[in-house]
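Morning, everyone. I have one structure to walk through today. Have a look at it first, then we'll go through it.

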Protein chains: 2
Amino acid sequence: MEKIMIGPMPYMSVLPTVLVGVNVDGKPNYMTAAWATVASMVPPMVCVAINKARYTAKGIDENGTFSLNVPSLKQVIPTDHCGLVSGKQEDKSGVFQSFYGKLKTAPLAEECPVNIECRLFQSVDCGSHILRIGEVVEIHVDKSCMTDGKPDITKVNPIIYAQLTYFSVGKPFAKAFSEGKKYRKE
Amino acid sequence: MEKIMIGPMPYMSVLPTVLVGVNVDGKPNYMTAAWATVASMVPPMVCVAINKARYTAKGIDENGTFSLNVPSLKQVIPTDHCGLVSGKQEDKSGVFQSFYGKLKTAPLAEECPVNIECRLFQSVDCGSHILRIGEVVEIHVDKSCMTDGKPDITKVNPIIYAQLTYFSVGKPFAKAFSEGKKYRKE
């Protein structure tokens, strides 16, 4: 297989589209982000990379809390809007209907099927972006998007972000921690 | 919309399946991981959460380097195998054909369409897992998986991990930084 070196890039194969919710000066603000993942199992932690210049950075530093909200395909327009417009220029508090959970300063977007409340654990300065690691305090899920007590990806219908495009999730095709049992050394 | 609180969990809507490549005692080893994302744009950085007890942790601490390899759907059996079996119990150096790039201690899996070479930038102890943040030194891409000089998700055909299941990527349905222009306040 011929390989080409494309140089260093901030690349990951598939990324989740989330809305980072913060209060700035007591008002909810939502920013679109895709550089997010799980950081630890026990205690449960997640992380999200946020540019230093973002309005959202101010909210995280102000309160030490933030939320990650998982929009569904049907929220793609307001979701992308929150990536186009800064809270510095426009009040985005009305783009989603906000509610609060256990943390009183991390706004949660009602319309998003999954809302993750986070208490800031650590901020790691990586250059242009600060990686915000947060301990998950509570997760709120739309009842209609659950199966057996957990969020169901086929009902949540999340938005994948890759190469400046939003994609849907495709079909399940193998069980993890199982398919590998078919492996035989050659 | 009725919301249910499911408690704190290590949840993210969609996750990329990657193989973390390290040398342990001079021998390549690959571990399946999904808790990975981009950590910064300038300089380009990625991060991956790895359980403290993993054989892979030893390799990262030994060399200060690691790789993230993006398998395609067709590599699902060896990929899942690398998540079922530890390098402590079994020599996994032959599961993929290894090559080396700019870093001489981060093995790259030839069969995977995208290989990301990383120099360890910082390790953040988050509890059960250590978040390994690495600066991207080089990215190698199969020539056949590129469009306009970049990896093309429809050719790479990466594996999404969610709820103990591997999924394919679905269809593109909107342009990012564009679709949101349709947003109108109600």
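Which residues have the most contacts inside the largest nonpolar core? They are A:L131 and B:L131, and that core has 94 residues. By nonpolar core I mean a set of buried Ala, Val, Leu, Ile, Met, Phe, Trp, Tyr and Cys residues joined through side-chain atoms within 4.5 Å. Buried means under 20% relative accessible area, exposed over 50%, partly exposed in between, with a 1.4 Å probe and protein chains only.

Ground rules, quickly. This is a predicted model: local features need pLDDT of at least 70, side-chain atom pairs count only at pLDDT 80 or more, and totals for chains, interfaces and linings use all residues. Residues are numbered from 1 along each chain as its sequence is written, chains are lettered from A and ligands numbered from 1 in the order written, and side-chain values use heavy atoms, leaving out hydrogens and water.

Back to A:L131. Contact means heavy atoms within 4.5 Å. Leaving aside neighbours within four places in sequence, A:L131 is in contact with residues of chain A including A:C47, A:V48 and A:V124. On the chain B side, its contacts include B:A39, B:L131 and B:I133.

Now the two copies. A rotation of 180 degrees, with 0.0 Å of shift along its axis, superposes chain A on chain B at an RMSD of 0.0 Å. The same surface serves both: 100% of the contact residues of chain A recur in chain B. In chain A, A:G170 comes closest to the axis, with its C-alpha at 1.8 Å.

Next, strand β7 of chain B, residues 65–70. Helices (H or I, at least four residues) and strands (E, at least two) are DSSP runs, numbered from the N terminus. Is β7(B) mostly covered or open? Covered: six of its six residues are buried. B:T65, B:S67 and B:N69 point one way, and B:F66, B:L68 and B:V70 the other.

Strands pair if DSSP finds at least two bridges between them. Three bridges join β7(B) to β3(B), antiparallel. There, B:V20 has B:L68 as its bridge partner. Six bridges join β7(B) to β10(B), also antiparallel. B:V70 stands opposite B:V114.

Last, B:N29, in strand β4 of chain B. B:N29 is buried, at 2% relative accessible area. Not counting residues up to four places away, B:N29 touches B:V20, B:Y55 and B:K92, among others.

Technical notes: Copies are superposed by least squares on the C-alpha atoms of residues with pLDDT of at least 70 in both.
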